[in-house]
Amino acid sequence: MPADVERVGTGVLLGSGLSSVGDPFDVERRLRFDEIPGVGDAGVAGHRGEVRTVRIGGHPCCFVFGRRHYYEGDENPIGRLIEHLYESGVRQLVVTSAAGSLDGSARPGELVLVDAILDLQFRNRRTAAPLATSSPPANTSRAAAANLRLADHLRARIQRAARRAGLRLNRGSLASFPGPAYETPSEIRALKSIGTSLVSMSGAPETVAANALGMQVAMIAVVTNWAAGISTVPLTHDDVLTCGQSVAADLRRLITQFVELD
Ligand code: HPA
């Protein structure tokens, strides 16, 4: 990063249906994913594929509108995107994601502060870390396993931000599935039996890649649906997007308070 470019500090990844969270802020810089080498265009509906630098309460921040998923190709689009944020000066990352709820502790339309991520995308770790680290590929899976960490101080700040914004914030653990299909009811039952409260197709690869670069990570899930088998209605991506959009204003207030508390 050139010395005269102001450090960005905070990066926020916006998940499915959550792009409007970043819309109202004045844009200082804008880059499409396909302008960032190795990232490529965002292919999933609800993922706009753009990085914007904005200012919140005087603090420069990056919003990433959408993300590439592993199932969109076998390159390392997430690792490259995180690396780009790092090169822009981002050192703390808030990952947001649409998620299905496995129990009554969080209902569709509610926000959840994620306490722990169960990485069910671990087969991707070979591609998650090498680009993001200089460690030799032979060491990667062990290094990545030790590197799935959510930062306590960021979680505490998100809780303070929620109090200031007057928002109810649930807590829970999240299983990060590879997608692109939703889970089966028996997978959901198995996860529920070990105490998992949410499922998503994001969270783990971003956190692994960011941790590998030494970035601090927090994750906020937006509950968009009951998980497969809990809901009697079949899940659709459109319903996920519609519910995500209805919660975007609450998430924006939470992110705004979070950045202002920095
Ligand atoms: N499962 C996985 N990913 C999701 C879900 C879900 O139920 N809802 C939103 N993203």
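Reader: How many bridges join E7 to strand E8?
Author: This is a predicted model, in which local features need pLDDT of at least 70 and side-chain atom pairs count only at pLDDT 80 or more, while totals for chains, interfaces and linings use all residues. Residues are numbered from 1 along each chain as its sequence is written, and side-chain values use heavy atoms, with hydrogens and water left out. Strands (E, at least two residues) and helices (H or I, at least four) are DSSP runs numbered from the N terminus, and two strands pair if DSSP finds at least two bridges between them. E7 and E8 (residues 198-200) run parallel, and the number of bridges joining them is 3.

Reader: Which residue in E8 is the bridge partner of Ala175?
Author: E7 spans residues 169-176, and E7, helix H5 (residues 185-193) and E8 make a right-handed β-α-β unit (with the strands pointing away from the viewer, the path from the first strand over the helix to the second runs clockwise). Within E8, the partner of Ala175 is Val199.

Reader: What is the bridge partner of Ile117 in E7?
Author: Strand E6 (residues 111-119) pairs with E7 in the parallel sense, over 8 bridges. In E7, the residue bridged to Ile117 is Leu174.

Reader: How many of the residues of E7 are buried?
Author: Buried means under 20% relative accessible area, exposed over 50% and partly exposed in between, with a 1.4 Å probe and protein chains only. By that criterion E7 is mostly covered, the buried residues numbering 6 of its 8.
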